[in-house]
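Thank you for sending this model for comment. My remarks follow as numbered points, to be read beside the sequence and the structure.

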Amino acid sequence: MIVKTFFAGFGGQGVLSMGYTLTYAGMIDDKHVTYFPSYGAEVRGGTANCTVNVGDEEIASPIASEPEYLVAMNRPSMLKFENFIGPGGLMFLNTSLVEERPTRSDIEVVEVPANELAKKAGSERSANMVMLGALAGKTGLVDPAAFREAIGIIFEKKKKAMESNLKGFEVGLEFIKNKGGGS
């Protein structure tokens, strides 16, 4: 089975980093993966999104139509991609930056106050990893240990960033666990 995840937000929110980390963790977890990033010319402050496919079989295309999971880090991403997710899918919504909710009733919305949780954890810049921890905890798509290892490898030369990203990831996992939504 192949599971498609779409990440979207403003450039500078770590959207591509979330996708890259999921991809790397998937490889560590011995899964087949594809990573397809896309960002506007402005990058920071512009739009950024990426698609990650994770599966136990070969993946023919990195393009994801009707992904099972959507991570929306801001309001424009929620509005633009709300109808992109497949029926029965999960939308992970950064409620720190999005007050309204999707209009669809055929998807589950997982509300994560990522920026607030990251700030309490010590670095608002790790909001993306908080969201990734929530995704990992809710879906079980990739083993959390693989995420920890991936974060350690990706940020091995940036000790401070590695520590804050690991902490953010753990905060997201714990948030979902306490919310009763973990897999």
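1. Just after helix 3, Gly122 takes a positive phi of about 115°. Helices (H or I, at least four residues) and strands (E, at least two) are here DSSP runs, numbered from the N terminus.

2. The model is a predicted one, in which local features need pLDDT of at least 70 and side-chain atom pairs count only at pLDDT 80 or more, while totals for chains, interfaces and linings use all residues. Residues are numbered from 1 along each chain as its sequence is written, and side-chain values use heavy atoms, with hydrogens and water left out.

3. Helix 3 spans residues 114-121, and its buried residues are Ala114, Asn115, Leu117, Ala118 and Ala121. Seen down the helix axis, these buried residues fall within an arc of 165°, so they line one face of helix 3; the arc is taken from the directions from the axis to the C-beta atoms. On the other side of helix 3, Lys119 and Lys120 are exposed. Buried means under 20% relative accessible area and exposed over 50%, with partly exposed in between (1.4 Å probe, protein chains only).

4. What do the buried residues of helix 3 pack against? Their partners are strand 5 (90-94), strand 6 (108-112), helix 4 (127-139) and helix 6 (159-179), where contact means heavy atoms within 4.5 Å.

5. Asn94 lies in strand 5 and counts as buried because its relative accessibility is 0%. Not counting residues up to four places away in sequence, Asn94 touches Ala72, Met73, Val112, Pro113, Ala114, Asn115 and Met131.

6. The largest nonpolar core has 39 residues, and those with the most contacts inside it are Phe7, Leu22 and Leu132. Helix 4 gives the largest share of this core, eight residues. A second, separate core of 11 residues includes Ala72, Ile85, Met91 and Ile107. Such a core is a set of buried Ala, Val, Leu, Ile, Met, Phe, Trp, Tyr and Cys residues joined through side-chain atoms within 4.5 Å.

7. Leaving aside neighbours within four places in sequence, Leu22 is in contact with Thr5, Phe7, Val52, Val54, Leu132, Leu135, Leu141, Val142 and Phe147.
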